[in-house]
Amino acid sequence: MASSLARLGAALPRARPRAAARVMPPGRWDAAALGASRRAALNVGRCQVHSDVKVAPTSDLKDEDNSSKNWRIKMLYDGDCPLCMREVNMLRERNKSYGAIKFVDISSKYYSPDDNQGLDYETAMGRIHAILSDGTIVTDVEAFRRLYEEVGLGWVYAVTKYEPVATMANAVYGVWAKYRMQITGRPPLEEIMASRKATGECKDDKVCKM
């Protein structure tokens, strides 16, 4: 019996001994872990770079595509004015919750005076204009007050409803409107009008379309 078991055991394939697990010295383990963490951080950084890339808006996109259909007030703004655009963008963001303002860029090639109570480019460039849903045109500080009221910020201009603050506020705005082109580093309106007319963007000295 013992000899039979011995012969059976010899006939069976012998299992190979397992290789001992490789244990890295502490110094090498720390270096490997550090390398892995650096690679992971690099990958995250690459993803972050791609996620932070902002796509510039298409300049040919009509404002009507981004404005409320049931607007209560229409804001005519100069899309080429960098300081003006800060305020416009703030109002756009607020308007997402209210849908009360329709934004119209007077510098856009889609701008039409016929769709905006006959306000041509030169007139609209002279000062801020807003148009109520009933067709009423408001200008200067009143235009700002009406716009801010529609997006829950009426308190900002509330005091301008009363005299003598109203007169003072309009006087200050008048100075800004007069020198706006110079302050923002742009050529005078006359030069812009002449340039547009030369390139066929203006039908005449008054009715100017981009």
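## Ground rules

Because the model is predicted, local features need pLDDT of at least 70 and side-chain atom pairs count only at pLDDT 80 or more, while totals for chains, interfaces and linings use all residues. Residues are numbered from 1 along each chain as its sequence is written, and side-chain values use heavy atoms, with hydrogens and water left out.

## Overall fold

The protein chain has 7 helices and 4 strands. Helices (H or I, at least four residues) and strands (E, at least two) are DSSP runs, numbered from the N terminus. Followed along the sequence, the pattern reads α-α-β-α-β-α-β-β-α-α-α.

The protein chain has 210 residues, of which 31% count as buried. Here buried means under 20% relative accessible area, exposed means over 50%, and partly exposed lies in between (1.4 Å probe, protein chains only).

## Salt bridges

Side chains of opposite charge can pair when their charged atoms come close. With a salt bridge defined as a side-chain nitrogen of Lys or Arg within 4 Å of a carboxyl oxygen of Asp or Glu, the structure holds 7 of them. One joins Glu150 to Arg72, with the closest N and O atoms 2.9 Å apart. This pair links distant parts of the chain, 78 residues apart: Glu150 is in helix H5 (residues 140-150), and Arg72 is in the loop between helix H2 (26-52) and strand E1 (73-77). Arg72 counts as partly exposed, at 42% relative accessibility.

Arg186 and Asp78 also meet in a salt bridge, at 2.5 Å from N to O. Arg186 lies in the loop between helix H6 (165-183) and helix H7 (189-198), and Asp78 in the loop between E1 and helix H3 (82-95), so the pair ties together parts 108 residues apart in sequence. Both Arg186 and Asp78 are buried. Together with Arg180, these residues are linked in a network of salt bridges. Another bridge, between Asp140 and Arg127, has an N to O distance of 2.4 Å. Asp140 belongs to helix H5, while Arg127 sits 13 residues away in the loop between helix H4 (121-126) and strand E3 (129-132). Arg127 is partly exposed at 33% relative accessibility.

## Aromatic contacts

Rings of Phe, Tyr and Trp (its six-membered ring) pair if their centres lie within 6.5 Å; planes under 30 degrees apart count as stacked, over 60 as edge-to-face and the rest as tilted. By this rule there are 3 aromatic pairs. The rings of Phe144 and Tyr173 have centres 5.6 Å apart and planes at 70°, so this pair is edge-to-face. Phe144 is in helix H5 and Tyr173 in helix H6, 29 residues apart. Both Phe144 and Tyr173 are buried.

Tyr148 and Tyr157 form an edge-to-face pair as well, 5.0 Å centre to centre with 75° between the planes. Tyr148 and Tyr157 are both buried. One aromatic cluster takes in Phe144, Tyr148, Tyr157 and Tyr173. Elsewhere in this list of ring contacts, the charged end of Arg92 sits over the ring of Phe103, 4.8 Å from its centre; the rule asks for NZ of Lys or CZ of Arg within 6 Å of the ring centre and within 35 degrees of the ring normal.

## The second largest pocket

On a 1 Å grid over the protein atoms alone, a pocket is an open set of points where a 1.4 Å probe fits, with protein on both sides within 12 Å along at least five of seven lines; lining residues have an atom within 4 Å of a point. The second largest pocket has a volume of about 250 Å³, taken as the space filled by probe spheres set on the points. It is lined by 17 residues, and the closest to its centre are Cys84, Ile128, Phe144, Tyr173 and Arg180.

E1, H3, H4 and H6 each give two or more residues to this lining, and H3 supplies the largest share, 4 residues. The lining divides into 13 nonpolar, no polar and 4 charged residues. Nonpolar covers Ala, Val, Leu, Ile, Met, Phe, Trp, Tyr, Cys and Pro; charged covers Asp, Glu, Lys and Arg; the others, Gly among them, are polar.

## Backbone details

The peptide bond from Glu163 to Pro164 is cis, with omega near 5°, and Pro164 is found in the loop between H5 and H6.

Gln117 has a positive phi of about 55° although it is not a glycine. Gln117 lies in the loop between strand E2 (101-105) and H4 and is partly exposed, with a relative accessible area of 46%. Asp140 also has a positive phi, near 55°, and is buried at 15% relative accessible area.
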